[in-house]
Amino acid sequence: MSFVPGHIERKFVEVPTGATWVEVTMKTSGFSTARRFFIDSVQISPLQRPIKWESVATFSSPSSKSFSFAVEGGRTMELAIAQFWSSGVGSHDTTSVDFEIEFHGISINKQEIILDGSEAPVRVDAEALLLLENLAPAAVLNKVRIPYRPVDSKLSTLSAERDQLPSGKQTLALLLTYKFKFEEGAEIKPYIPLLNNRIYDNKFEAQFYMISDTNKRVYAMGDVYPETAKLPKGEYTLQLYLRHDNVQYLEKMKQLVIFIEKKLDEKESIQLSFYTQPDGPVIGNSSFKSSVLIPGAKEAFYVAPPAKDKLPKGVAAGSVLVGAISYGKVSFGVNNEGKNPEKNPVSYSVSYIVPPTPIDVDKGKGSSSTCTKSVAEQLEEEIRDAKIRVLSNIKQSTDEGRSDWKKLSISLKSEYPKYTPLLAKILEALISQNNFEDKIHHYEEIVGAADEVIESIDTDELAKYFSIKSDPEEEGAEKTKKKMDTTRDQLADALYQKGLALAEIELLKGKKVVDKEDAKAVEGSSTQPDLFEENFKELQKWVGVKSSQYGTIFVIRERREGRLGTALKVLSDMIQEDGSPPKKKFYDLKISLLEEIGWAHLVSYEKQWMSVRFPPSLPLF
């Protein structure tokens, strides 16, 4: 074929029955400057969308290039080759193109492989109808779909002026809300099996979704064709918006299950194994790698489920691992060693339903055998823990609730005066209160509750434990470590909350807070004990005070000492290192520091960004 700029060649090729992919070699000659070509292929197939493929090829000099793409056997394929309109305009050379097409095919009995979570493999029968083919199966599970049900659903009637049909029917809207959380950044995509990838044959006139964080900042929006979005670690809300004029249809959708499809890291992806016998996954022999298919002869092999110890951490039962499986190899180029079957011209879907986790029988036996407490002691502990749970569940949004909580907390403190978990729960409840009138009294209560937590902990024993490296293989070592870690965290949190409360009291009173007994002891002296500084130094012994969890108190301390630049630097590092959606309190503190330094231009810049980072409300659908 001869080409000049803008010339298009259309060829119609009958694809032989049994072909599943085609390998094309394009050879160019007869030109001295670079040439650019567009190659498109399309096949019309009944009851499904056209099978399309396209590519752009640039030839800097006469050479050849190879391509491969999927086809459907027994149907006509239209092949269009076009030289780009501006390619070779300055040259009078005519480009000669030789196009060579070679059909390949491996027919299989299953278009989709579903592993049901048991140990049983799935049999696949493969057959080549055209010519000798190299059967080299490759499969990988590189995504996980986590199911969610809505936490809230709202059915509403839309505007009569705007959303009423000519027949008089009123359009209704259903808003479904889903919640999910990531411990680290992830690349995700919503997947709604009932609704996705259908437009004209869909009975619901509208479907939109929106993903936002706890600050109401939108990270992704989409419709019938969901797109991938990158999210940092944190908690997220997905809102799904559906419309129809029949209320009964929308009522049935109130518990619609959706999947959040998360892309796995390369180290978490699972390569599946193949065997010639159904017992191969259990016995461990008769593995299948590759073979040559003779036209007309079938060959069977088995796709084994992944080993339980290979499953990604944190994947709950009911989740679905999905990926791709391919069966053939192209005759040119690198075949990526089966690591990514999706790069092969033809690949199919493979999925694995995550089963329930196995029961750890040894763990139960070990705990029962080492338990030395009597039945009466165990019963007393269960009663105590139940009382603490009741205390934690009391709502303090009303005066009656706050009164009940206070009475029960006083009663429990008198009954278990030195029980640290109880005192930590009381401190946590005081911190969560937000409807108080006397701020100074409230923060003094927090300081008192924090002191009770601190006094209930034997810091000498705690320091001794963490100063000596314990043997993890000792009996009860893991349980002891968990207990000590929890105690240290409770101590650190109490010191941290006490420091924040002391700083708030200083701000409200306009002077430093000192301990009354210490003040009497040094009465007449030129120096007064600084309670905040003493508390900070104690906290510094147990945790890193520059971390995002405790860094706020370090910033406050630097600010008290007049080191505003250091405070601003540490706060900026905390914001960068946190990784989760931004916290408003950090940015409010940053703006106040910039105002105190006197950098008005940066204050204006940060305030403008506040409306982007923390929008007042979500956008409408």
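1. Ground rules. Residues are numbered from 1 along each chain as its sequence is written. Local features need pLDDT of at least 70 and side-chain atom pairs 80 or more, while totals for chains, interfaces and linings use all residues, and side-chain values use heavy atoms, without hydrogens or water.

2. Confidence. pLDDT is the predictor's confidence in each residue, from 0 to 100. The protein chain has a mean of 88, and 94% of its residues reach 70 or more. Strand E21 (residues 258-263) is highest, at 95. Helix H3 (residues 361-370) is lowest, at a mean of 54. Where pLDDT is low, the predicted coordinates should not be read in detail.

3. Main core. The largest nonpolar core has 60 residues. Such a core joins buried (under 20% relative accessible area, 1.4 Å probe, protein chains only) Ala, Val, Leu, Ile, Met, Phe, Trp, Tyr and Cys residues through side-chain atoms within 4.5 Å. Those with the most contacts inside it include Leu 422, Leu 427 and Ile 553. Helix H9 (residues 477-509) supplies the largest share, 11 residues. Helices here are DSSP runs (H or I) of at least four residues, strands (E) of at least two.

4. Second core. A separate core of 31 residues includes Ile 113, Leu 264, Leu 293 and Phe 301.

5. The lining of the second largest pocket has 13 nonpolar, 4 polar and 7 charged residues. Here Asp, Glu, Lys and Arg count as charged; Ala, Val, Leu, Ile, Met, Phe, Trp, Tyr, Cys and Pro as nonpolar; the others, Gly among them, as polar.

Notes. Buried means under 20% relative accessible area, exposed over 50%, partly exposed in between (1.4 Å probe, protein chains only).
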